[in-house]
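Here is a short briefing on one protein chain. Keep the sequence and the 3D view open as you read, and find each residue as it is named.

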Amino acid sequence: MPVWLIIAEETVTENGSVTHRQVTVVRPVSGSRTREEAFVDLYRAARSYVPDSLKSTARVVGRDGDGSFWVLPKNANGRAHASCNIRLIEQIRP
C-alpha cells in the first residue's frame, strides 16, 4: 500500500515577487488507506491548517479542481499576498 503525505506549500509575494516559499509535511496519512480515503484526511487537514503567514488574518479555504485545497486571505489588503496549497502526495520509498 502506498504511503500518503499531506503537504502545505506556502508562498508569500510582495510587489509581484516571491519573497518566501516553504513546503512542509503537515502529516503522513497512517494505515493502509486508499487514495480516496486519504483525501478525507486531506480535507480535515485543510480546514484546520493555519499557514504562518496567515496566522493574524481571516482566511478562506477552497478546493481546487485537482482535489487540493487553497488557504487564502479573506481580504487581501496591502502589497503583500500569501497563499497556501494543501495537497496529497504519494511518498516514494527507495
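Glu9 is buried, because its relative accessible area of 15% falls under the 20% cut-off. Its side chain still meets a charged partner: Glu9 and Arg87 form a salt bridge, 2.3 Å from N to O. The model is a predicted one, and every value below is computed from it.

**Salt bridges**

- The structure holds 5 salt bridges.
- The bridge between Arg87 and Glu9 links distant parts of the chain. Arg87 sits in strand β5 and Glu9 in strand β1, 78 residues apart.
- Is Arg87 as hidden as a buried residue, or partly exposed? Arg87 counts as partly exposed, because its relative accessibility is 28%.
- Asp41 and Arg33 also meet through their side chains in a salt bridge, at 2.7 Å from N to O.
- Asp41 is buried, with a relative accessible area of 10%. Arg33 is partly exposed, at 29%.
- Asp41 has a salt bridge with Arg44 too, at 3.5 Å from N to O. Both of these residues lie in helix α1, 3 residues apart, which is about one turn of the helix.
- Arg44 is exposed, because its relative accessible area of 52% is over the 50% cut-off.
- Salt bridges that share partners also join Glu9, Arg21 and Arg87 into one network.

**The nonpolar core**

- In soluble globular proteins, nonpolar side chains tend to be buried together.
- Here, the largest nonpolar core has 17 residues. Those with the most contacts inside this core are Ile6, Val29, Leu42, Ile86 and Leu88.
- Which elements each supply at least two residues of this core? They are β1, α1 (35-48), β4 (69-73) and β5 (80-91).
- The largest share comes from α1, with 5 residues.
- Look at Ile86 up close. Leaving aside neighbours within four places in sequence, Ile86 is in contact with Ile6, Ile7, Ala8, Leu42, Ala46, Tyr49, Ser68, Phe69 and Val71.

**An aromatic pair**

- How many aromatic pairs does a search of the whole structure find? The search finds 1.
- The pair is made by Tyr43 and Phe69. Their rings are 5.8 Å apart, centre to centre.
- The planes stand at 55° to each other, and the pair is tilted.
- Tyr43 lies in helix α1 and Phe69 in strand β4, so the pair ties together parts that are 26 residues apart in sequence.
- Tyr43 counts as partly exposed, at 36%.

- Strands β3 and β4 run antiparallel, and 5 bridges join them.
- Val60 stands opposite Leu72 in β4.
- The two strands form a hairpin with 5 residues between them.
- Gly67 is in the turn and has a positive phi of about 95°.

**Thr11 and Val18**

- Thr11 is found in strand β1, which covers residues 3-14. Val18 has its place in strand β2, residues 17-29.
- Thr11 counts as buried, because its relative accessibility of 17% is under 20%.
- Val18 is exposed, because its relative accessible area of 54% is over 50%.
- What does Thr11 contact, leaving aside its neighbours within four places in sequence? The residues are Val18, His20, Arg21, His81, Ala82 and Ser83.
- Val18 touches Thr11, Val12 and Thr13, not counting residues up to four places away in sequence.
- Val18 and Ala82 are 64 residues apart in sequence. In space they are 9.5 Å apart, C-alpha to C-alpha.

**A loop residue**

- Where is Asp52? Asp52 is in the loop between α1 and β3 (59-63).
- Asp52 is exposed, with a relative accessible area of 52%.
- Asp52 and Lys74 are 22 residues apart along the chain. Their C-alpha atoms are separated by 15 Å.

Terms used. Residues numbered from 1 in each chain as written. Predicted model: local features only at pLDDT ≥ 70, side-chain atom pairs only at ≥ 80, totals over all residues. Heavy atoms only, no water. Helix = DSSP H or I, 4+ residues; strand = E, 2+ residues; numbered from the N terminus. Buried < 20%, exposed > 50% of the residue type's maximum accessible area, 1.4 Å probe, protein only. Contact = heavy atoms within 4.5 Å. Core = buried A, V, L, I, M, F, W, Y, C linked by side-chain atoms within 4.5 Å. Salt bridge = Lys/Arg side-chain N within 4 Å of Asp/Glu carboxyl O. Pairing = 2+ DSSP bridges. Phe/Tyr/Trp six-rings, centres within 6.5 Å; stacked < 30°, edge-to-face > 60°.
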